[in-house]
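Biologist: I'd like to learn how to read a few features here. Could you walk me through them?

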Amino acid sequence: AISPGGTSLASDQDFLPAATATAVVSQGGLGALNRIDLEKVLAGTTAFVRPDIGETEEGLAGGTSRKDLEQMFQLVYLTFTAPRADPVAFRVMNDQLKVTLANQAAIPDQVFDDALEAALTQNHLRAQPLTPARLSQMNLDKSLAFYKDRFADASDFTFVFVGSFDLATMKPLVERYLGSLPALHRNEKPKDVGMHSPAGVVEKQVQSGIAPRSQVSIVFTGPFQNDEAHRVIARTMAETLGGNLQTTLRENLGGTYSVGVQSSFTKGPVEEYRLAVNFACDPERREALVKAAFEVIEEYKRTGPTLGQVQDARVALTRDFETNSGRNDYLLSRLLFKYEYGEDVNDVFDMKPYFDQLTVTALRDAARTYLNPNRYVQVTLLPETK
């Protein structure tokens, strides 16, 4: 289930209580039952429901076997209507976080990830990592109030069920448990809180750890027409470019064990893309490997992938689609996304037209559009100097 809004509707002052609301409230249990008692009641059943509040939406995820179907619906109802605040559980959670966060400052990969996110979001308040110093901003009452507000109106939630069930069994459960959820008929949209990637080039180095190892991320960003056609082309371009980078940086230069290109896209409140080139290497070789990576990127933009790469990509995409189409989690996430953003639901069951559009020219042109040498963030991890 999903509904527009999320933490974007919280003020900056109350952002942390909003962002931690589901974690805090989930520790409290439901209704008259604390978390431990609730687990005892549910022992032996398969039903589960987890609330979540993201940046632009709030929702639920759940699952069950057929025999426990009604219990899952009961949990959905209670998750909306009977969240429970538990001061003792909140203090325990806070104490555990202090220990965890104190240790994170000494983990090089965590330092690197935090620096990368800060650079990509221009150090936006809402993207800053949780630290021991910020724990004082957590507030049980504010978290509970924000949670209740986000789940006070079921009228703008979209519920999607995928699995082995029949409508005759589902209909009375939907009518009883979902039909009786509170409805305020609010018309909400997520707000643009101003967290955007930088428009130019940002290069940053961070030092952490003593191991002779560097981590490099080069992330290209920008506005994006976020529809199925453009996502398929951008992802396939990233995959084939990743193969070329692997060939040059690992096989030809022996500079890294693995290099890849990951793509991600946002749909609202603004449409943007990220294409991240990631690899680890010897600190002494990082500059040469970064130079080589950019040379591979520029070559791809000149000539595109080979025809064989495109054909292989089509075969792999078709095979993965056929495999995934039999998986509940894949169908669920795809259907939910389509309904959330008003895209054509038929795409979930037929992707062939999008795979057929993949050509050498289409992927080359995508590289020219999305791999802009004047707009990227590069962050490098280096070991601490002695």
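Modeller: Helix α4 (residues 69-81) lies across β2 and β3 and runs at about 30° to β2. Helices (H or I, at least four residues) and strands (E, at least two) are DSSP runs, numbered from the N terminus. Contact means heavy atoms within 4.5 Å. Axes are lines fitted to C-alpha atoms, for helices over the stretch in contact, with angles from 0 to 180 degrees between N-to-C directions. This is a predicted model, where local features need pLDDT of at least 70, side-chain atom pairs count only at pLDDT 80 or more, and totals for chains, interfaces and linings use all residues. Residues are numbered from 1 along each chain as its sequence is written, and side-chain values use heavy atoms, leaving out hydrogens and water.

Biologist: Which strands does helix α7 lie across?

Modeller: Helix α7 (residues 140-150) lies across β1, β2 and β3, at about 105° to β2.

Biologist: In what order do the 3 strands form the open sheet?

Modeller: Two strands pair if DSSP finds at least two bridges between them. Here the order is β1-β3-β2, with antiparallel pairing. β1 (2-4) and β2 (48-53) are the edge strands, each pairing on one side only.
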